[in-house]
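Welcome, and thanks for taking a look at this one. Please open the structure below and keep it in view while you read.

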Amino acid sequence: MPAAPDTIPTHSRSERESSGGYSGWRLLREAITGHRGWSRAWAKPAPRPRYRVVIVGGGGHGLATAFYLATQYGITDVAVLERGPIGLGNVGRNTTFVRSNYFHPQNIRFYEFSLQQWEKLEQTLNFNAMVSQRGTLNLFHTEAQRDLFTRRANQMRLLGVDAEAVSRERVKALVPLIDLDNGRYPVLGGFLQPRGGTVRHDAVAWGYARAASAAGVDVIEQCEITGIVRDAKRVKGVETTRGFVGADIVCLAVAGHSSRLAAMAGVTLPIETHVLQAFVTEAVKPVLDVVLTYGPSHFYVSQSDKGGLVYGGGLDGYNTYGQRGTLPMAEELAASAVTLMPGLARLRVLRQWGGVMDMTMDGSPLITRTPVDGLILNGGWCYGGFKAIPAGGITTAHLIATGAPHPLAAHMGLERFASGHTVDERGAGPYPYAH
Ligand SMILES: Cc1cc2nc3c(=O)[nH]c(=O)nc-3n(C[C@H](O)[C@H](O)[C@H](O)COP(=O)(O)OP(=O)(O)OC[C@H]3O[C@@H](n4cnc5c(N)ncnc54)[C@H](O)[C@@H]3O)c2cc1C
């Protein structure tokens with residue numbers, strides 16, 4: 001497979017309609033000429049009647065798939081159809097963590113490949129995505145939990161991925177605010193993936209949209225898919241709020257809406273949709289420079305570059321397409337935060353939001369063909385799909401371009417549920433809310 005280019009390819013339309021390359025020199029030139037040379041970051045074409053590939057959903061995975069189709073496979077007759085503006089889906093709603101500290105070897109390989117792409121993403125896209133490898137620290141609070149983490153870390157190290165055991169003392173050095181001996185769940189130690197960290201989420205959407213557009217892809221906003229047209233065997237195109245758009249291949253990359261969209265083509269998916277919340281506090285001086293996860297409840301927190309503490313937890317636990325969330329979860333997460341770092345009790349929460357999660361029966365994603373010829377699915381990301389965006393894009397582009405699964409995503413087919421080869425990362429069984 002050819003490597004991703006280091007810079008985005010030149011495309012005549014991008015010369016006309018987008019801002020051109022970003023660089024220090026360009027910034028200086030614009031600064032002294034009154035910033036009159038900037039224009040929109042990506043073109044705003046109207047949908048054409050037909051494309052070779054239509055990607056439904058302008059989130060991280062849809063845009064990345066389009067970008068890699070154009071730049072790695074030379075397929076530019078591609079449209080990304082997004083019902084709203086770019087970046088308002090989960091790609092702009094997540095807590096921005098990237099890591100590859102998984103347990104199953106297939107998942108470790110896939111997410112590690114993704115982490116390697118994040119490490120060079122800004123050069124690949126010519127866009128500042130604020131990639132920050134500040135480390136991901138998972139705490140353990142019981143001997144059993146330590147054994148589980150040790151097993152996971154050993155598995156990672158066997159596959160050449162960074163994972164370190166961390167003593168209580170080192171945890172305290174890394175997170176001075178922590179109360180190691182808190183009355184509820186004293187901290188026994190932790191596991192660190194030093195290369196894990198955060199990436200500014202909306203910059204990822206904007207960077208991929210801009211680079212895909214410059215590579216020749218039509219990124220079309222405010223274009224909702226209302227139906228999928230197929231014959232007995234094959235997909236023919238999509239009905240949209242801006243008319244019918246024909247396609248040889250339709251790829252669904254709609255995250256929490258996967259089951260609804262697949263149902264338009266008569267396909268039932270092993271997915272439930274749930275809501276997951278995130279919270280941001282007021283900004284304070286730097287107090288936390290790792291991504292921290294707390295073992296007893298599902299709680300994770302990092303500090304944004306603006307100073308707010310960004311935190312989240314588990315699913316609210318009921319099926320919904322509402323992007324709101326409930327108060328009990330807000331309360332549970334506040335309790336976790338204060339147990340772990342009592343000083344946080346003095347912070348005010350400024351913002352809260354929810355996003356809808358496409359939870360699969362085994363907690364692992366789907367990059368797969370479907371029973372309808374030409375209908376491809378990228379979905380089932382549960383609440384871990386942000387970190388997967390570069391690898392998800394590359395492997396979905398591979399499936400579209402070659403018709404065969406990418407070796408790194410070969411375990412993500414729909415057929416695993418029929419054959420029993422599920423990849424149950426958490427060992428939770430077939431309960432989507434539990435993954
Ligand atoms: C609160 C929260 C915290 C999270 N934290 C993390 C984290 O720290 N790390 C991590 O790895 N992952 C995290 N995730 C998960 C991650 O954000 C998602 O798994 C991932 O973003 C999903 O892929 P996407 O970016 O393509 O989805 P989206 O951005 O949701 O893209 C799907 C797009 O499809 C569009 N769409 C839907 N229906 C239609 C239609 N009919 N027609 C046209 N367009 C349509 C939507 O508008 C949307 O823009 C979190 C998610 C949430 C909500």
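**The chain as a whole**

Please keep in mind that this is a predicted model. Its mean pLDDT is 94, and 96% of the residues reach 70 or more. One stretch to treat separately is residues 1-16, where pLDDT stays under 50; the model has 23 contacts beyond four places in sequence for this stretch.

The chain's secondary structure comes to 11 helices and 18 strands. Its radius of gyration is 22 Å, close to the 22 Å that the globule rule gives for 435 residues, so the chain is as compact as a globular protein of that length. Taken along the principal axes, the C-alpha atoms fill a box of roughly 65 × 60 × 40 Å. Of the 435 residues, 50% are buried. If you look at contacts with a separation of 6 or more, 75% of them join residues 24 or more positions apart.

Domain 1 brings 33 residues to the contact and domain 2 brings 29 residues. On the domain 1 side, the elements that give two or more residues are strand E3 (97-98), helix H4 (105-125) and helix H8 (258-264). Helix H4 supplies the largest share of that side, with 5 residues. Sorted by class, the side of domain 1 that touches domain 2 has 15 nonpolar, 13 polar and 5 charged residues.

**Around the ligand**

Which residues come closest to the ligand? Of the 37 residues that surround the ligand, the closest are Gly57, Gly59, Gly89, Gly355 and Gly385. Helix H3 (60-73) and strand E12 (271-283) are the elements that give two or more residues to this shell. The shell has 14 nonpolar, 18 polar and 5 charged residues.

Now for some single positions, starting with their surroundings.

| Residue | C-beta neighbours within 10 Å | Class |
|---|---|---|
| Leu344 | 20 | buried |
| Met130 | 16 | partly exposed |

Leu344 sits in the loop between helix H9 (327-340) and strand E16 (349-360). Leaving aside residues up to four places away in sequence, Leu344 touches Leu309, Ala337 and Val338. Why does Leu344 count as buried? A residue is buried if 20 or more other C-beta atoms lie within 10 Å of its own, and Leu344 has 20 such neighbours, so it counts as buried. Leu344 and Phe97 are 247 residues apart in sequence, and their C-alpha atoms are 20 Å apart in space.

Met130 belongs to the loop between H4 and strand E4 (136-140). The phi of Met130 is near 50°, a positive value in a residue other than glycine.

Gln222 is in the loop between strand E8 (218-220) and strand E9 (225-230). Gln222 is not a glycine, yet its phi is positive, at about 55°.

Methods:
Residues are numbered from 1 along each chain as its sequence is written. This is a predicted model: local features need pLDDT of at least 70, side-chain atom pairs count only at pLDDT 80 or more; totals for chains, interfaces and linings use all residues. A residue is near a molecule or strand if its C-beta atom, placed from the backbone, lies within 6 Å of it. Helices (H or I, at least four residues) and strands (E, at least two) are DSSP runs, numbered from the N terminus. Ala, Val, Leu, Ile, Met, Phe, Trp, Tyr, Cys and Pro count as nonpolar, Asp, Glu, Lys and Arg as charged, and the others, Gly among them, as polar. The radius of gyration is taken over C-alpha atoms; the globule rule is 2.2 Å times the number of residues to the power 0.38. A residue is buried if 20 or more other C-beta atoms lie within 10 Å of its own, exposed if 12 or fewer, and partly exposed in between; C-beta atoms are placed from the backbone. Two residues are in contact if their C-beta atoms, placed from the backbone, lie within 7 Å. pLDDT is the predictor's confidence in each residue, from 0 to 100.
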